[in-house]
Amino acid sequence: MTTQPTDEVLLDIHRRMVRIRHFENEAGRMAENGFIPGALHLYVGEEAVAVGVMAHLTDEDQITSTHRGHGHLIAKGGEFDRMFAELFGRVDGYCKGKGGSMHVSNLEIGMLGANGIVGGGPPIAMGAGFANKYKKNGNVAATFFGDGASNEGAFHEAANMAALYKLPVLFVCENNGFGEYTPQRDHQAITDVADRAPGYGMPGVVVDGMDVMAVYEAAGAAVERARQGDGPTLLECKTYRFYDHVGRRGMGRTYRTDEELAEWMKRDPIEMFEARLAEQGVLSADAAKEVHEEIARDVEAAVEFAKASPMPDPDALLDDVYA
Amino acid sequence: MPETENGKRELSYVLAVKEAAAAILNEEPDAFIAGEDVAGAGSVFGIYRGLLDEFGPDRIVNTPISEEGVIGLGVGAAAAGLRPIVDIMFMDFLGECMDEVTNQMAKMRYMFGGRATLPITITTMCGARNSMAAQHSQCLESWICHIPGLKVVMPSTPYDAKGLLIAASRDDNPVFVVMNKASLALTSEVPEEPYAIPIGEANIVRPGTDFTIISYSRMVHESVSAAETLAEQGIDTEVIDLRSLQPLDVDTLVASVEKTHNAMVVHEAVRFGGMGGEIAAQVQELAFDYLDAPVGRVGAPFSPVPFSPSLEQSFVPNADKIVASATELLGL
């Protein structure tokens, strides 16, 4: 169904994943250095999921995101400078400093917001999918959510309605094995969230969420199905977050072992993809290193931009409560 | 259509709402109506009856019994450029969808720095009537008036219902249009052409010089009735129908109190924590020097809505209770 991606697509996928990794690492450092107020949920380790899906979406397609949302926005085309400015609470942020990490968004490229409420996104994506069908514009709405969110009523209502109306929606479950600090085995009696899909009348697919091409292929089929008017798909991506629930490390939680983390880190989605690209002769190790260096410089410049951006004027407090 | 003696057209509340909805769908191709049983049944209250035949299932959309999904449908569709009208059958069912209402719909514009516009209209039904008991009778407007980002109107008459529903649909914000099931059989003059009543402007339904009753929704009619009784006692009472609770037209209230020097808020909702407290506080802050007594409040007692007709009747405020409270407040 999905045609073999061109080298250009492969390099774009690689670049998007590396952009997420460098942004998130720097965001973690910036939080520890006091530049980022509030809660910061990092996407490192899960890059293949956002990028494997977003590689099929245009600026007109919509997504809803989660509290761990930077990766989704970057994969959708978000700019570093506006994002760091938002995380810093500055006026040049995407949300003028009113949203921060948990609400960073850019509607102009179809990113309908990170969301501080677990399970908040699926109903909104279902509604965006309804609008796409209503307008017959061929666009797709994808909603990213975790294994934890799959226990929320909001997810179930959205899944039922999307399937009922055959909406162009893609339910992407990022199963990272934990709802905050609670392992999946302690929050649901199933192993595969995709098992729930037939209960709503939609296909459920499980893929290796550390393998970006596996995600890319499965997402391609699901997006195509949605665009054809055949309704939603639940795509479950088995993944892992390399950092803590909040921030990088140091929360002192003992909810997972170092050994488990080390095992997953052996399957780093970027390292695995780079090995594959080198093997295929698409991107050499040296060339990959250059990509990293270039993106690291972009991150550095964006941080400087954010640092130079002013805090919002107190007079802006009541702006945009209403249209 | 029935006509009054002077040739003006009268319409029931139910038909006024339906006429407004049809006008909205005719003028705005991006508008649609979604909710439980809005299509074939035209809502259990009949407010959308017949629209399915006129506009088809793409625009009159039956939903599962999934209130969080229904509001989510509206939020997502609005964020993607449509102008949804979503129906929550009974206001009591807000409990099923308060995350979508409070954390998503109300806040999306603000927390995205003004880059989202959410032109959603939510129609819903409040009020104790016909022994619908504790879970189908509540007036919960305080819940939604407390949330920045939402607007709330509560039309008392068929005329207001049509004009406020059209205004809500043309507004670029989420607007709740809360109707009272006890008012659905009321009739009033309703012009045939579409018209909008400005949201945020109160309506003086009975001018007076001695006493101000501030009310909304169903209690406007009880307040007018009470005013007639008070008039017999020599108290010329002004009755103000707020029409809109959020935003609140406090200027009209203050202007009235400057004239009458006494005021009382009347609503069907439970008195404790009800809108009466907020309204009384604002009037007292802004017009303290004009007041001869603290602003009074009439509301339901602090109880779930009871089932038995005799209990339901004693729960809901009425003209007699308003007169009694007014008499006490005025020291008559």
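Helix α10 of chain A is followed by G281(A), whose phi is positive, near 75 degrees. Helices here are DSSP runs of H or I with at least four residues, strands are runs of E with at least two, and both are numbered from the N terminus. The model is predicted: local features require pLDDT of at least 70, side-chain atom pairs count only at pLDDT 80 or more, and totals for chains, interfaces and linings use all residues. Residues are numbered from 1 along each chain as its sequence is written, while chains are lettered from A and ligands numbered from 1 in the order in which they are written.

Helix α10(A) spans residues 269-279. Its buried residues are P269(A), I270(A), F273(A), E274(A) and L277(A). A residue is called buried if 20 or more other C-beta atoms lie within 10 Å of its own, exposed if 12 or fewer, and partly exposed in between, with C-beta atoms placed from the backbone. These residues cover an arc of only 125 degrees around the axis, so they lie on the same side of α10(A). The arc is that of the directions from the helix axis to the C-beta atoms. Their cover includes α1 (7-32), α2 (47-54), α8 (212-227) and α11 (285-308) of chain A.

Strand β2 of chain A, residues 141-146, is mostly covered. Six of its six residues are buried. In a regular strand, side chains alternate between the two faces of the sheet. On one side of β2(A) lie A141(A), T143(A) and F145(A), and on the other A142(A), F144(A) and G146(A). Both faces are covered.

β2(A) pairs with two strands, pairing being defined by at least two DSSP bridges. Strand β1(A), residues 62-64, runs parallel to β2(A) and is joined to it by three bridges. Here I63(A) has A142(A) as its bridge partner. Strand β3(A), residues 169-175, also pairs with β2(A) in the parallel sense, over six bridges. In this case F144(A) is partnered by V172(A). Helix α6(A), residues 153-164, forms a right-handed β-α-β unit with β2(A) and β3(A). Right-handed means that, with the strands pointing away from the viewer, the path from the first strand over the helix to the second runs clockwise.

Chain B holds twelve helices and 14 strands. Its radius of gyration, taken over C-alpha atoms, is 20 Å. The globule rule (2.2 Å times the number of residues to the power 0.38) gives close to this value, 20 Å, for 332 residues, so chain B is as compact as a globular protein of that length. Along the principal axes, its C-alpha atoms fill a box of roughly 60 × 50 × 40 Å. Buried residues make up 55% of the 332.

Between the chains, 35 residues of chain B are in contact with 35 residues of chain A. Contact requires C-beta atoms, placed from the backbone, within 7 Å. On the chain B side, α3 (67-79), α4 (98-105) and α5 (108-111) each supply at least two residues. The most come from α3(B), with nine. This side divides into 14 nonpolar, 14 polar and seven charged residues. Ala, Val, Leu, Ile, Met, Phe, Trp, Tyr, Cys and Pro count as nonpolar, Asp, Glu, Lys and Arg as charged, and the others, Gly among them, as polar.

G69(B) lies in α3(B). It counts as buried because it has 30 C-beta neighbours inside 10 Å. Neighbours within four places in sequence aside, G69(B) contacts P123(A), M126(A), E157(A), A158(A), M161(A), T63(B) and P64(B).

Technical notes. Contact = placed C-beta atoms within 7 Å.
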